[in-house]
Amino acid sequence: MAKHVEYEKVSSDYLEHRQLKRGAAGWVLLAGLGVSYVISGDFAGWNFGLAQGGWGGMLVATILMATMYTCMVFGLAELASALPVAGAGYGFARRALGPLGGYATGIAILIEYAIAPAAISVFIGDYIKALGLLDATWPVYLACYIVFVGIHLYGVGEALRVMFVITGVAVVALVAFVAGMIPKFDSSKLFDIGDGSFLPMGVTGAWGAIVFAIWFFLAVEGVPLAAEEARDPKRDMPRGIIGAMVVLLVFAAAILLVAPGGAGSKVLEASGNPLPEAVRAAYGGDTFLAQLVNYVGLAGLVASFFSIIYAYSRQLFALSRAGYLPRWLSKTGKRKTPYLALIVPGTIGFALATIMKTVDPVTGGARLINIAVFGAALSYVLMMVSHIVLRKTAPDLPRPYRTPGGVVTTSVALVLAVAAVIATFFVDEIAAAVTAGIVLIAVAYYWFYSRHHLVANAPEEEFAAIAKAEAELD
């Protein structure tokens, strides 16, 4: 155990009230969960990168982030099969970097997952507004949180199945959109921003677009959070997260090409509902396809909103169960769901969505994206460092799946993740400052309180304790 922390041995009753439902998901549901986390990024969010770097800048940024995520997913597949715990990124970093490194990673992930649903709820409101169904904002956000947190409270198996169905509907909408836009494709429309060149805002524009290119893949790394609820995590985790990544790569390439190629990049650069607007611009008015994509597009936004609620609750559950955050947050109910870990971040997310949309109706959603992306990119740096460290310090750790290319692969992801962290400062200094402030407050809580009250028999801490004991024996 690390010298600067103090552990408490809790009773079996403590862990009995903090149990998740085992065996709820196989690899197909896990892959669906991975796609579900991200699919809203195909419907809204990515297009703000067109304003940042033009289509060429956005293409360069997307290629870089596709590379980063692919390399990272291979690394996470290995870590998830070797350390299948609900803490996922926090658990990996805890084993590699110690308590403070694990906690900082968990906080960065929690920022991403707590803020992303708030941003998505803003986009859901924009899509509903575009349909002329409601002109209100906060009632929509409140309804989203109440309905979908409620389903998660009912049970994880039911939630994952509902999520899978909603994601399937959203996938159908994306396929219909791509098929409908192909006949309208004109390569000249891609370059109608700025001076019409490939990089109208230069290299710095492409760098800034990284923040929005991440939206095509943001949160796929959350699949390992389901480790304690998977049927066979050592086998299913790698298959689930890699399968999800393949699907996301195909959709990112298709959407980035046909949406601006059919409608024009200028039309989409500031849109809150870019896909329906792309269809209307390409076809010269409202069509059945535009209505289909608009209505069914809500399924994509809802799918990500719904699934990331799952992710933030499991990350908060793991940190709380181990004593890093207040222990009462990790209590589970009769249906084995962490009800307070679902409700508390949901309440905060609803408040953030409402405040940001009121203060900045045009770019409020984009700023929330930037905060989430900063937290995500920071966690990516720490998780890739964890993979590299564990390859060196724990070479005998059983690894049912091994990353192709080993530390070379995760080193590529690490370099690109650092670039993404820096890009956030270029795009939105306020978002970067807010995220940094949250991390500093969280670290202060750890330093002055929680490091003196950690739970020795939490799974992630037991993994680390066993490893330390074995090393001392050797």
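Modeller: Gly272 counts as buried, at 17% relative accessibility. Buried means under 20% relative accessible area, exposed means over 50%, and partly exposed is what lies in between, with a 1.4 Å probe and protein chains only. This is a predicted model, in which local features need pLDDT of at least 70 and side-chain atom pairs count only at pLDDT 80 or more, while totals for chains, interfaces and linings use all residues. Residues are numbered from 1 along each chain as its sequence is written, and side-chain values use heavy atoms, with hydrogens and water left out.

Gly272 is placed in the loop between α10 (265-268) and α11 (274-283). Helices (H or I, at least four residues) and strands (E, at least two) are DSSP runs, numbered from the N terminus. Leaving aside residues up to four places away in sequence, Gly272 touches Ala44, Phe123, Asp126 and Tyr127; contact means heavy atoms within 4.5 Å. Between Gly272 and Ala366 there are 94 residues in sequence, and 9.3 Å in space from C-alpha to C-alpha.

A salt bridge is a side-chain nitrogen of Lys or Arg within 4 Å of a carboxyl oxygen of Asp or Glu. Side chains of opposite charge can pair when their charged atoms come close. Asp126 belongs to helix α5 (residues 89-130) and Lys357 to helix α13, so this pair ties together parts that are 231 residues apart in sequence. Asp126 is buried at 18% relative accessibility, and Lys357 is buried too, with a relative accessible area of 13%.

By this rule there are ten salt bridges. Another of them joins the side chains of Glu78 and Arg391, at 2.8 Å from N to O. Glu78 is in helix α4 (residues 48-82) and Arg391 in helix α14 (residues 364-393), so the bridge ties together parts 313 residues apart in sequence. Both ends are under cover: Glu78 is buried at 1% relative accessibility, and Arg391 is buried with a relative accessible area of 19%. Salt bridges that share partners join Glu78, Arg391 and Arg399 into one network.

A further bridge runs from Glu8 to Arg327, whose closest N and O atoms are 2.8 Å apart. Glu8 lies in strand β1 (residues 7-8) and Arg327 in the loop between α12 and α13 (339-359), so parts 319 residues apart in sequence are tied together. Here the ends are partly exposed: Glu8 has a relative accessible area of 29%, and Arg327 is at 23% relative accessibility.

Now the rings. A search of the whole structure finds 18 aromatic pairs. Rings of Phe, Tyr and Trp (its six-membered ring) pair if their centres lie within 6.5 Å; planes under 30 degrees apart count as stacked, over 60 as edge-to-face and the rest as tilted. Phe148 and Phe305 form an edge-to-face pair, 6.2 Å centre to centre with 70° between the planes. Phe148 sits in helix α6 (residues 138-154) and Phe305 in helix α12 (residues 288-321), so far as the chain goes 157 residues apart, and the pair links these distant parts. Phe148 and Phe305 are both buried. Elsewhere, ring pairs link Trp46, Tyr69, Phe216, Phe217 and Tyr380 into a cluster.

Charges also meet rings. The charged end of Arg451 sits over the ring of Trp447, 3.8 Å from its centre, and that of Lys184 sits over the ring of Tyr283, 4.7 Å from its centre. A charge sits over a ring if NZ of Lys or CZ of Arg is within 6 Å of the ring centre and within 35 degrees of the ring normal.

Of its 474 residues, 60% count as buried. Contacts between residues 24 or more positions apart make up 85% of those with a separation of 6 or more. The C-alpha atoms fill a box of roughly 70 × 45 × 40 Å along the principal axes.
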